[in-house]
Amino acid sequence: MKNQILKKILILIILSSLSILLYACNSEETLTGREDNKESPQITLDFWHHYSAQSPENEILTNVLIPKFEEENKGYKINAVSHEWADLHDKFIISTNSGMLPDVGRLDIAWLPEFEKMDILVPLDKEISEFESVSSELLENALNTAKIGDHYYALPLNTNTKILFVNKTAFNDNDIQIPSTMQEMLEVAKELSGKNPDGKQIWGLCEPALSGWNVLPYIWSFGGDITDETYTKASGYVNSPETVEAINMLKELYKADALTGFNSGDIPMTDGFGTGRYMMIIDGPWKIAELKGSYPDFQYETADVPSGKGGSVSVLGGENIGMLKGGNQEGAWAFMKFMTGSFAQEEMAKAGQIPVNKAALQSNTVKNAPFAPFLDAITKAKIRPPIATWSEVDNELSIAITKILTEDADTQKTLDELAIKLDALLADK
Amino acid sequence: METKAMKNRIQIFLLLLPGILMFSVFTIYPIVKLFVMSFFSWDLSSMHRQEFIGFQNYAAVLSDEVFLISLVNTLLYTMITVPAQMALGLLVAVLIHSLPRYQISFRVIHYLPVITPWVIASLVFKYIFNTEGMLNYFLYELLHLTNRNIAWLDSRWSGMFVIETLGIWKGVGWNMVIFLAALQGVPEELYEVADLDGCGGIRKFFYVTLPSIKNTILFAMVMLTIGGFNVFTSIKLITDGKPLHQTQTVLTWMYYKAFRNGEFGYTAALSFIVVVALIFLATLQFRIMKNRNEED
Amino acid sequence: MKKRQTFRVGKLLCYLTLIIGGIVSILPMTYMLGTSLRPNGALYEYPPRFFPDLDTITIENYIYVLTKEKFYINFLNSIIVSVSTIILAAIISTSLAFCIARFRFPGRNLLFGLVIGTMIIPGTTLIITQFELASFLGVINKLTGLIPFYVAWVIPFSTFMIKGFIENIPREFDQAAYIDGGSVFTVFFNIAIPLASPAIASVSIFNFLTAWEEFQWALTVLNDNAKRTFPIAISGFLGQHQFTQWGYVFAMSVISLIPVILIFILFQKYFITGLTTGGLKG
């Protein structure tokens, strides 16, 4: 028995040495091209992003943009690492503690106030002389997502918003028009809900969650809001008659079994939409690629978010590109300039990323892109409150709305209580 | 003058050294640091300067409604999954132990859930228990046992039920292995004596087997309790604390507070409160088993 | 006659229970395997099925995952980390266990108590402070940032199990070696290690599993794609905005289970023996 064990241990050791050898060889492979040209000292810039590893965006980044940047800026190498969205956020938080931040990062605009509070972002308008000229080439709307207080802490990189997607086949079959007002949407959703010929439940509307990103378009289009313009007060806003009306519409839809998607056991949004279980969704440009990938034969149409008293106001999302303190500022700025320049922006547009560069927006690529329907909505979209306590505010908001919908809580009362909680949080920021 | 004893002492020291070093640096130090930090105000805005605030963090944790919910969930999870997986594991072990053939195949098959990564297992369970998933398909469509699709994952208790089922499913194999080992250590003579006394199978089990593996049972209980408190991935992937944070457990809540809100002082305090709870539970289990030991 | 019949029925029930148990144990895996053989996107088909029709079986997911993503590098990384972990852990915990089991030295009880006691602290809670430590040591974004931490994590359990096993080795063997003029090292290398090898083997299996599927810490420490371990590569397919390509995820998962299952089957024999009387004797 002793011999057998020894034999097995030997096998293990051989296997592991082989693996180490293979690994070493592989590393050589990936490293050539980095260490070869020693003519000029190479500075490596770390760039963290959350382009999903298999996405076209990442392909373009790796195969087109980075090589071009390195060609135009010899002396710099970009080490781009992809993380999943939520993981990237967590990584920034944990890396701050020990100064292990990258030089440049692609940051969700919602993270900016938080990161600014952590004091890890470089205020560009203060420290970079070229800031004025570069930023003037970018959409003001988007640029404002990088402004906190009086300073700009990043450049916008891409923008997006959400618009309405509807199931074309179902609408045609039932002879229904795409709703253009909230009232119409309410009726259409209710009408289309019920059981389909196979006996499966159909919902008129799907919202995958009940946080700000999901409910704000409704609230804003109804003419309501959750805070005032200075983001310091919630009372009188989150519990205003208009906001109450918006939430009540959602409540009515939920009670009529016309709205779902935010429960843990629900069919995921894309799958539900693509298989005809959800009739309408409100989502961003990424949905186009997803549907094409998984449900290529599915027919749908898009339109602006239905309008209410406040017009048709969607929520502005997007990503910024920011410079982290303690990194190589010159290199980071060079890369940021490149990524917000018209070439990179147009290339990324091919992957469905909506540019913020004004010149790129005029290009044919963009005009013919599948996300053309979003361009108009972007100009009218609003940003979520750029405050450091946003995630807690969002959490409270989500809890309140969930209670109203699933526990049938009184809308006005719950929102009144929410207003008090939010006032405290907003004062804290 | 190097005596033999001296040489031996040095050797013992050398043997202990790597372990102690590794352990102190990589385990003890982070624990101590965390403990110290739990008394400081430590969050996003105080990344570089932290203030000493005494027990404030602990007070914040204990008065947090969601923390209490998470503690209840965790305790219930532990109290349900631990006995269940132990009982099932013991059952399977006893059955396999009594077989003349196919022992290995059954062992391997039952151990498969243990080596399935939590991520995969959670995803599969999520699919099975989805409101339009496998289980409902069987219950509602095929067998007509229920009158509608049950929303397993949408509320606190049924959500926790699913996660507990996953925990039990995943743990049975581990218990089986531990108990198989223990069963092999029970001396044959004890069974023969029981036979002579005219004991049937079931009586033999209760009067010979169980007492003989008492220490194993205690060991499994303590290890599984610690494991129960560590439940994390399954919650995160299946319900993510929803609805309304009703399905949070102590670790998922800690993670949420740390990385969503950056409240590190709070989470440090939370960690140690959990440690205290576990020490209490472990001691309790020891006492109970020791008492039983003495009774024999 | 009656006893024989009940015996047969008992046996039948026994097999039946085990077969049912076996099916329940395998079912999720079957589903995972089935989905990996299905084209991507067909996850929420109705009626749901565990295994796809024979004519829709495809191995395109496997091909994609093996060729497109260069993720055999991640696979290798995981192997390197896991194997290094079990080797180091085996050495360290056996040395510790041996000393604690056989000798009295000042601080012995404290050491053992600490080693066991730290098992109570959930690993996730230490991520932040461990990260600070890791960056201080300059091992961020390196595989060497994973290995020592994994080793430290598995030491308590391994030491405990091996210690128990060693305690059952008769002291006479040690005495014999000492009388023959052997030193502590002699006893350690020639007696303790060989005799405790079943226990060492079985804890190594546990440790391999722990290192192999660990996700949280690896995600925190590793930045570069080329350094990532397998579980992280798998999670890379869990896309942004809620959308996931399950076919790829499950194909990768199936691949990642192969070494684990292989090791378990190969070392099965030692697995159970190593746990016997390993600190668990009643």
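**Conventions.** I am working with a predicted model, in which local features need pLDDT of at least 70, side-chain atom pairs count only at pLDDT 80 or more, and totals for chains, interfaces and linings use all residues. Residues are numbered from 1 along each chain as its sequence is written, chains are lettered from A and ligands numbered from 1 in the order in which they are written, and side-chain values use heavy atoms, with hydrogens and water left out.

**Chain B, fold and dimensions.** I counted secondary structure in chain B and got 13 helices and two strands; these are DSSP runs, with helices as H or I of at least four residues and strands as E of at least two, numbered from the N terminus. Along the principal axes, the C-alpha atoms of chain B fill a box of roughly 85 × 75 × 35 Å. The radius of gyration of chain B is 24 Å, whereas a compact globule of 296 residues would have one near 19 Å. That radius is taken over C-alpha atoms, and the globule rule is 2.2 Å times the number of residues to the power 0.38.

**Chain B, contacts and surface.** I took contact as heavy atoms within 4.5 Å. Of the contacts in chain B between residues at least 6 apart in sequence, 69% join residues at least 24 apart. Buried residues account for 56% of the 296 in chain B; buried means under 20% relative accessible area, exposed over 50%, and partly exposed in between (1.4 Å probe, protein chains only).

**Positive phi in chain A.** I noted Tyr231(A), a residue other than glycine with a positive phi, near 60°. Tyr231(A) sits in the loop between helix H10 (212-221) and helix H11 (241-255), and is partly exposed at 23% relative accessible area. Asp408(A) also went on the list, with a positive phi near 55°. Its loop runs between helix H19 (390-406) and helix H20 (411-428) of chain A. Asp408(A) is partly exposed, with a relative accessible area of 43%.

**Cysteines.** How many disulfides are there over all chains? I searched the whole structure and found zero, taking a disulfide as a pair of cysteine sulfur atoms within 2.5 Å.
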